[in-house]
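Welcome! Here is a short briefing to read alongside the structure.

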Amino acid sequence: MKKMIDAPFFTQFLKISNMYTIGAVVLLLVALYSLKVLKEKKVNFSKRMIIALVIGLVLGVVIDLVGSKNSIYLDYGRGEISVWYGLLGSGFLKLVQLLAIPVVFLSIIKVVIDVKGDRIKHLTGKTFATLLGTTAISAVVGILVVKLFGLNGADFAGDLTEAKVESMANIASQSFPEFFLNLIPNNIFSVMSDNGSIVSVVIIAAMFAVAIRFLQVKKPEQVAPFVTLLESLKVTVNSVLTNVIKLMPYGVVALVSNTIISNGLQAITGMIGFIAALYTGVIIMLLVYVVILIGLGVNPLTFYKKAFTTLLFAFSSRSSVGTLPYTITTLEKNMGVSGETTNFVATLGTAVGMNGCAGVFPAMLGTLIASAAGAEMNVSFFVLVVLVVTVGSIGIAGVPGTATVAATVTLNGLGYGHTISSIGAIFGIDPIVDMGRTMLNVAGSMVSAIMVDKWEGTFDKEAFNSEIKSVEE
């Protein structure tokens, strides 16, 4: 084994140089085979997703516990295992993310074309009201959990990487108008190749859709082939998505276990106070959704039962944009939300008013840093935090790393942008808290879709209460 560690072929090229890596890869293969057997035995998709989550958690914890005190594991094993698990987990996530741009583009065009008359104006207003309204509530929750757990900004001092410091500094140097100016696209091809430019994609899609609506009246025969092409593309993308979704349980195992292994249990336990506070905030918001759904006359138990696999994937993937195709499928196929509302609200929900990444989290950081800097913690300050977080949540694209942007914008808005490095330790465990944040983003987006659809009078309650349809179909 010593010879393998000394050989670049094993350590640099093959990335298998020790028994820890070999054992971890074997365990992953066994886990994947077990899930394949369950599928052959016709175990339903939701149960396989739960089993995949449990297997992923157990794999991650066991592997890190076994190797955490061994220098070979720490110097070679952890990095190699992360690479191999990333091959499956990140590879699967990329397959989903590659569909994000076409799904957003085609969904927005379809909504704007199909909506009758001036209804698009009402739909836009109601969508922003619900997404930003729930974000404001989540900001209040973020403040509350900081106070509830008695967190102190000084406890989370730590160094940030040079790249992250530079990235945050660039964001902090932008004024509010400049931040939004950067959302306006100037190159359609560069925008379409970047999942971080979802807002720009929405703008381009809206421009195309408005032009199509105009031409359908003025030059219907000339624009008809283009509309047919777009409809064919949407059907094709949905078919590709269905095939990718079938692989989801396998991807979840690798994503969850790799998150634990690559960060290490020691880093997680060292930040347990902040992690517990954030996940308490997530749970509180999930309960807030229960109250909202009951107020709408919708059974929250049915909602969470049908949303479970979507939320589990959001939790595992840490990407609201990556989860978008699945979010749309679940809302339209299983929750009785109209296609127009689903496509519009779910798509905007990946860039506007994300309750976890752009709500709870930046409110927590804003409160932590302000209190550490000696700011007076009074009602006017808390109102300012909620206002800055809510307005700043507009245009924050839902890809991994979004919360860093949201936090920087919030701290800059509160006047503490230059102090963000004083809580650098929080960003060291970002993948762990990002799982809960992303799940909350998607849950909030789905609840908002139901709220808007009820508001519009197009919600199909009978379809919502019907049996769950498999997303693999």
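The points below cover a helix pair and some salt bridges.

This is a predicted model, in which local features need pLDDT of at least 70, side-chain atom pairs count only at pLDDT 80 or more, and totals for chains, interfaces and linings use all residues. Residues are numbered from 1 along each chain as its sequence is written, and side-chain values use heavy atoms, leaving out hydrogens and water.

**Helix packing**
- Helix H15 (residues 272-295) and helix H23 (residues 430-456) pack at an angle of about 10°, and their axes are 10 Å apart. (Helices are DSSP runs of H or I with at least four residues, numbered from the N terminus; axes are lines fitted to C-alpha atoms over the stretch in contact, with angles from 0 to 180 degrees between N-to-C directions.)
- H15 and H23 are therefore roughly parallel, a term for angles under 35 degrees.

**Salt bridges**
- The structure holds six salt bridges, each a side-chain nitrogen of Lys or Arg within 4 Å of a carboxyl oxygen of Asp or Glu.
- One of them joins glutamate 456 and lysine 126 (2.5 Å, N to O).
- Glutamate 456 lies in helix H23 and lysine 126 in helix H7 (residues 119-148), so this pair ties together parts 330 residues apart in sequence.
- Glutamate 456 is buried at 18% relative accessible area, where buried means under 20% (1.4 Å probe, protein chains only).

- Arginine 437 and aspartate 434 meet in a salt bridge (2.8 Å, N to O).
- Salt bridges that share partners join Arg318, Asp430, Asp434 and Arg437 into one network.

Methods: Helices (H or I, at least four residues) and strands (E, at least two) are DSSP runs, numbered from the N terminus. Angles under 35 degrees count as roughly parallel, over 145 as roughly antiparallel, 65 to 115 as roughly perpendicular and the rest as oblique. Buried means under 20% relative accessible area, exposed over 50%, partly exposed in between (1.4 Å probe, protein chains only).
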